[in-house]
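The stops below are given in the order in which they may be selected.

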Amino acid sequence: MTTGIMDMDENYNHLLFIFNSLNNSNNYDTYQTNLKWLEDYRKTDNAWFMSLEILKSNEENLDLKLFSSQTLRQKIIYELQYLKQDAIELKNSITYLLYINKDKSNPILTQLCLALSDLAILCDDWNNPIEEICELFEKNTEMTSILFQFLAYIPEELNNKQLKLSERKAKIKEEVLISNIVNNIVEILSYYSMEANNNSRLKSNINNCIYNWIRYKAIKPLKIIKSPLMNYIIKEAINDEIDEVIGSIINELIISSSTSSETNKELLNYITPTIFELSNHIKYISSKEVLLIYNLMFETYAEYNIYTIIKNYNDFKFIIASLIELYSIYPNSIEISYRFFTILQEQLNNIGYQNYKPQFVEAYSVLQEKTLNLYKLTSMNNDDEISLEVFEVMFQNCFLMLNEYDILNSLYESLKNELCNKTNQNEISEDTSNNIEVHLFYLYSIIFNINNDHQNIIREIVKMIPYFPNNEKINNVIIRIIGDLSEYSFNNNIEINEQLNYLISFLENESNRYQGFASLLEFTKYCGMYLTNLLDEFCNFYIKVINVYNYQDIYDLLKSICNILIYVSKNDLYYYLNKLNLPLIEKLQLLTSDEYINNPNNNINNIAYDIQDIISYISLFFTIKLNEEIDISENHPIIELYNNYHSILVRILDLCQNDENIVEEICNCYIEIMNNCTYHIYPTIENLLERIVLMHKNTKYNCYLWVFTQSIKLYMNESKEDIYYFLLDIFNKFTETVFSINSNEIMNYSHVLEEYFHLCNQIIIESPSYVFNDQSIISEILNFSVKCLDLNLNKVRYEIIDFYSELFNSRNVNMLSGVINYDIIKNVIKSTINLLIENIEEFLSTDLSNEISSLLLLIYDNSNEELLDIIKELLLDYSDLLSTEDIDDVIESFTNACRNNDPYEISVVFEKLKYLLNKRKISNNIQQ
């Protein structure tokens with residue numbers, strides 16, 4: 001006995017030392033070591049006893065007590081089935097701990113209540129846990145508040161995925177812990193809610209309990225409505241210091257009852273008078289927090305009773321009025337209520353509801369005026385507290401609810417009047433400029449809501465654009481208007497040249513250039529066919545600024561020009577492509593000349609950047625689609641352009657083969673031209689592939705693999721044997737290079753491995769029969785992939801798992817064992833499962849867990865017996881940690897998960913297995 005106490009003291013002192021060292025450590029390695037010790041400690045059997053003893057003790061270190069309460073809960077969740085102590089005794093210990101810690105910090109009580117809730121759910125030997133705890137805690141008035149904290153967590157924890165409840169078990173537990181005793185819970189809540197007037201802590205826990213039981217559908221709304229609880233909720237709602245949770249309870253009741261017309265009618269009978277009473281009280285509220293609670297309550301009520309409000313507007317007009325009043329008192333509330341006003345507008349514009357629209361016109365007129373004033377104030381103060389998206393949506397709602405033509409006409413008249421409203425010095429005042437910016441923003445907000453009937457007014461407004469004040473805000477909004485209006489302008493041929501001239505006038509203005517080019521791209525995308533007569537101007541402008549503007553500006557300008565070029569004739573396309581590319585070709589020839597490169601005055605890095613930019617520009621021209629169907633032997637401007645560049649690109653590839661950025665741009669260029677002129681340029685692509693596979697051997701740039709992967713997508717066709725076997729030969733050469741990477745350096749080539757396995761996957765997709773081809777090296781690839789799985793490179797692992805999934809699909813899996821050595825297949829599957837087990841915690845936070853589980857499910861569906869044999873063989877490798885019964889349990893759980901067709905459940909099986917293995921390892925280490 002004395003030895004046991006001494007061991008306890010020694011373990012406690014060591015735990016305390018590690019815990020304090022963790023909090024006070026300035027050394028990262030020491031911190032990590034101590035953290036690992038604590039994680040391992042939590043998995044020991046001793047942690048059960050230690051946690052309970054620390055929580056029972058007079059220990060003043062509350063952080064240590066909180067850690068112990070968290071440890072206790074974690075062990076209940078993950079290790080209850082391995083508990084040597086009687087689970088009922090553990091329940092008694094926790095209830096005792098709740099009693100002695102009832103006055104301690106809330107986080108400790110929270111963890112203990114959660115632990116007791118989890119125990120009630122997970123312990124099958126504990127009969128009637130809710131009734132027992134209710135009876136026990138009700139006997140002691142000091143524990144009543146904690147009772148409701150415990151009860152609040154029951155429905156929440158039933159939905160906690162950490163508990164790993166199967167769907168069947170969750171339903172059983174819900175029946176026992178919720179359905180069978182829900183009437184008793186309502187009675188207890190009703191009784192104590194009336195007794196909690198002066199006990200804020202009890203009231204808070206009661207409110208949280210009511211909310212959670214409604215939120216998780218543990219109590220149906222009708223039960224609340226027909227109980228004394230409803231009176232309590234209503235009484236609390238009209239409290240000047242309303243608890244936020246009461247607002248949430250009412251909102252949840254409204255939402256939950258909306259699915260049943262009978263329940264909804266009952267609820268409305270109860271809460272509508274209260275909502276009406278609150279509507280008269282709004283003007284006296286000064287607290288922003290209370291205003292927001294009421295605003296959300298009114299918005300929820302309105303949203304979920306929208307049809308009732310529409311059809312009985314006179315009875316429910318106060319709801320709309322209250323939301324508008326809340327908007328007036330606290331403008332930020334519009335970020336909540338704008339959702340309802342949007343839904344209301346959409347419903348009133350639906351067929352069958354438009355006859356109700358007139359009665360809401362006044363409300364939306366008021367909303368429009370308030371939103372215009374608020375936007376003006378926000379804009380003047382450069383305040384971004386309310387998002388511009390909310391303003392846009394509100395202006396759209398008002399526009400669609402009111403007379404659209406009248407609004408646009410009023411907008412036009414207002415803009416015209418503002419332009420006439422000049423000072424004595426014939427200048428436009430700041431206030432006038434602000435008004436113009438507000439009106440223009442309104443127009444910007446509604447652009448996608450205007451229709452062809454509005455084209456005359458829109459045309460008149462567009463004509464005014466050159467006369468608006470030249471300030472940054474107005475310029476910016478006009479540029480955005482022109483961009484968004486582009487499709488409408490195209491469809492209605494509205495002042496296209498004038499709009500373009502305005503955009504171009506700001507392309508030389510640095511402060512507006514970014515937005516200007518963004519709008520120009522949109523404008524040319526839709527109006528390109530109207531702009532072909534301006535191509536010479538664009539080309540001249542481009543030649544003027546090519547050496548002045550930055551890369552992105554030139555790129556956007558060329559992309560805009562390409563949007564116009566698709567509409568010109570073949571002959572004109574020749575002309576403009578030559579005109580646009582001549583300066584690029586000349587500059588490339590200069591930059592790649594020996595004389596220029598060897599000149600010591602020229603910085604080699606700057607040369608490389610310039611080459612990279614030019615190749616990026618060139619790629620844009622190769623994205624111009626061939627609108628006409630042309631014969632493979634027929635000349636075409638794009639193909640001619642490619643032929644003109646081909647020798648230069650080859651020269652740059654040779655010259656800059658050690659500059660990865662330039663090589664990437666060239667590879668992107670080739671990908672664009674392959675996509676656009678697939679078979680027209682194939683002969684040169686063959687030559688290119690032979691060249692880049694050799695270059696890849698020297699530099700291992702993964703962009704070479706991009707080009708080849710795209711070639712596989714476009715050209716791999718088993719019916720064209722010469723091309724097919726040429727591509728297989730290139731693939732084998734790429735594979736040789738990848739396989740030859742030194743094991744000490746392989747981590748430095750993660751992108752190459754990623755692209756290589758993506759390539760392997762693509763080959764199986766394009767040619768499923770490759771597996772059975774005489775030239776197939778699939779066995780070697782699989783062996784190499786297993787080695788790569790061990791690398792800590794998740795992106796590579798993703799590609800490998802995708803490759804396996806394609807390989808083991810229904811087309812191949814039943815035949816693979818006849819083509820590939822079975823031991824190789826077995827090794828692949830075992831390595832994949834081991835990878836999942838060893839990294840399950842990390843993988844669960846990514847898609848990798850689901851990807852691997854889906855792969856195993858795929859294999860199970862086609863070869864279940866073989867897969868189960870492989871898993872059993874793998875588990876036998878852990879025979880020092882797993883008993884025969886453990887192995888059988890894992891196999892059974894895995895089989896059930898596969899039968900349920902549930903990848904997540906498969907992941908849970910391996911998560912539990914990993915936890916058990918870790919626990920056994922720690923126990924073995926302690927015993928040694």
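The tour starts with the whole chain and then turns to individual selections.

**The whole chain**

Display the protein as a cartoon, bearing in mind that this is a predicted model. The protein has 47 helices and zero strands. Along the principal axes, its C-alpha atoms fill a box of roughly 95 × 85 × 55 Å. The chain counts 928 residues, 53% of them buried. Among contacts with a separation of 6 or more, 74% join residues 24 or more positions apart. Switching to a surface view shows an accessible surface of about 43100 Å², with 45% of that area belonging to carbon and sulfur atoms.

**Salt bridges to helix α47**

Next, display the charged side chains; the structure holds 27 salt bridges. Select D45 and K919, whose closest N and O atoms are 2.6 Å apart in a salt bridge. D45 is in the loop between α2 (28-42) and α3 (46-56), whereas K919 belongs to helix α47 (residues 903-927), so this pair ties together parts that are 874 residues apart in sequence.

Remain on helix α47 and select E911 together with K164. Their side chains meet in a salt bridge of 2.6 Å, N to O. K164 lies in the loop between α8 (144-158) and α9 (167-177), and E911 in helix α47, so the pair ties together parts that are 747 residues apart in sequence. Both K164 and E911 are buried.

**Further charged selections**

Move to K203 and E236, a salt bridge with its closest N and O atoms 3.4 Å apart. K203 is part of helix α11 (residues 200-215) and E236 of helix α13 (residues 229-237), so the bridge ties together parts that are 33 residues apart in sequence. Both of these residues are buried.

Then select D823, K826, K830, E873 and D877, which a network of salt bridges links. While in this region of the sequence, pick S831 in helix α43 (residues 822-838). S831 is buried, with a relative accessible area of 17%. Which residues does S831 touch, not counting those up to four places away in sequence? They are V786 and L789.

**Aromatic rings**

Now display the aromatic side chains, where the structure holds 43 aromatic pairs. Y353 and Y356 make a tilted pair, 6.1 Å centre to centre with 40 degrees between the planes. Y353 counts as buried at 16% relative accessibility, and Y356 as partly exposed at 23%.

Continue to F731 and Y756. Why is this pair stacked? The ring centres are 6.1 Å apart and the planes stand at 5 degrees, and planes under 30 degrees apart count as stacked. F731 is in helix α38 (residues 721-739) and Y756 in helix α39 (residues 750-766), so the pair ties together parts that are 25 residues apart in sequence. F731 and Y756 are both buried.

For a cluster linked by ring pairs, select Y375, F391, F395, F441, Y442 and Y444.

**Charges over rings, and positive phi**

Select K102 and Y99: K102 lies over the face of Y99, at 3.9 Å from the ring centre. Then select K700 and Y749, where the charged end of K700 sits over the ring of Y749, 5.9 Å from its centre. K700 is placed in the loop between α36 (682-699) and α37 (703-715), and counts as buried at 16% relative accessibility. Its phi is near 60 degrees, a positive value in a residue other than glycine.

N493, which is not a glycine, has a positive phi of about 50 degrees. N493 is in the loop between α26 (486-492) and α27 (496-507), and is partly exposed with a relative accessible area of 44%.

**Surface selections**

I566 is found in the loop between α30 (551-565) and α31 (570-591), and is partly exposed at 33% relative accessibility.

Finally, select E389 in helix α21 (residues 388-401). E389 is exposed, with a relative accessible area of 53%.

Terms used:
Residues are numbered from 1 along each chain as its sequence is written. This is a predicted model: local features need pLDDT of at least 70, side-chain atom pairs count only at pLDDT 80 or more; totals for chains, interfaces and linings use all residues. Side-chain values use heavy atoms; hydrogens and water are left out. Rings of Phe, Tyr and Trp (its six-membered ring) pair if their centres lie within 6.5 Å; planes under 30 degrees apart count as stacked, over 60 as edge-to-face and the rest as tilted. Buried means under 20% relative accessible area, exposed over 50%, partly exposed in between (1.4 Å probe, protein chains only). Helices (H or I, at least four residues) and strands (E, at least two) are DSSP runs, numbered from the N terminus. A charge sits over a ring if NZ of Lys or CZ of Arg is within 6 Å of the ring centre and within 35 degrees of the ring normal. Contact means heavy atoms within 4.5 Å. Accessible areas come from the Shrake-Rupley method with a 1.4 Å probe; for residues, only the protein chains shown count as cover. A salt bridge is a side-chain nitrogen of Lys or Arg within 4 Å of a carboxyl oxygen of Asp or Glu.
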